[in-house]
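Please open the model in your viewer and follow the selections below in order.

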Amino acid sequence: MKILGIESSCDETAIAVVEDGRHVIVSLVASQTDIHAQFGGVVPEIAARQHLETIDALSDAALRKASLTMEDIDALAVTRGPGLVGSLVVGIAYAKGLALGSGKPLIPVDHVKAHVHGAVLGLSEGKPEFPCLAIVVSGGHTNIFAMKDFTSYELLAYSIDDACGECFDKVAKLLGLPYPGGPQIEKKALAGDPKAIPMPTIMAKKSDLRFSYSGLKTFIVNFLRKERANGDLSETMAANLCAAFQDEALMQIVRKLKSALVVKPKTQSIVVCGGVSANQRFRTLMRENIGLPTYFPALAYCSDNAAMIAAYGHHLFKAEKNGTIFKTDDWDAYSRFQFS
Ligand code: KG4
Ligand code: ZN
């Protein structure tokens, strides 16, 4: 079964076709990072306009690249949220038009849950082993889900304030590094010593599964204020700070995951996904500390993409739960962007 996925929740316009929920036939991503970098973060109005300019040509290009037509597609899947409203409107309106025009069903997909499927792409049958714990670590979310199968998500942990990726971005900004900050911090940390600057242990209580990142950010703000009072930050100090911050930010996830494993002792495997899962230090810390099979997405599917949307859409389509599938005669193309 071939699903065409459409993603436009933030600053990436993406189209993909995925077969049977794990084989990517084509996946195209038009990133707007360069446009937003000059503003130090995503400007929602600009993002929406960019999606509008890009989406139709990208969809045509994806089908052409895969030598497919809409006739070959079984259903469409589109990100329904969460995300920037203006950006979501563009993708959803486009998906509705394409579904209506081609007579194919449309599957609304939750972006955060879809990230998990980014790590499933390319895995062989039977993997990941269920029940599993899935950790979504992105710019907007830090969630641990307990999953019994591809469509059952039990939210075990979430952040009470900033998301992990958001914290990387904010700390990078404090250090004068460009947006998006996560990869910049990782690069700078390579030259640093993670033990050189003691970091506070945030949310140390083992029984509390929730995440928090604003305290760590405030610690860095205060640390930099003190250091800069004595002059500019040295390169060594900046590298050490990146390495120490990165380790503490990532170890919080490792600690909470260990606590989640106590709550869910039958867990067979771990899935790590979302933009921060591209971080190599994170992968090392996970492998060193968690003794279960652990799956990460290929680098292309860590950050936002439409293959993960199509893959999750495939499983929702098969399960056809809760009336979430929209046949073309269920709705009209002019209804509000929400599906419910
Ligand atoms: O999943 P994603 O592409 O978009 C959201 O749905 O939020 O995640 C983007 C986030 C950004 O905060 C970015 O700085 C972070 O992922 N990120 C990283 C790395 N690559 C991306 N954080 C740490 N290390 C990285 N290598
Ligand atoms: Zn995302």
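Select His-111 first: this residue is buried, with a relative accessible area of 7% (buried means under 20%, exposed over 50% and partly exposed in between, with a 1.4 Å probe and protein chains only). Helices are DSSP runs of H or I with at least four residues, strands are runs of E with at least two, and both are numbered from the N terminus.

The model is predicted, so local features need pLDDT of at least 70 and side-chain atom pairs 80 or more, while totals for chains, interfaces and linings use all residues. Residues are numbered from 1 along each chain as written, chains are lettered from A and ligands numbered from 1 in the order written, and side-chain values use heavy atoms, without hydrogens and water.

Next, select the zinc ion (ligand 2), which is coordinated by His-111 (NE2), His-115 (NE2) and Asp-304 (OD) at 2.0 to 2.2 Å. Donors are N, O and S atoms within 2.8 Å of the metal (3.2 Å for Na, K and Ca); water is not among the atoms, so sites may look incomplete.

Now move to helix H2 (residues 44–65), which has 22 residues. Where does H2 bend? The bend, about 40°, is at Thr-54, taken as the angle between axes fitted to the seven residues ending there and the seven starting there. Thr-54 is among the buried residues of H2, which also include His-51 and Leu-58.

Key: The expected span of a helix is 1.5 Å times one less than its number of residues.
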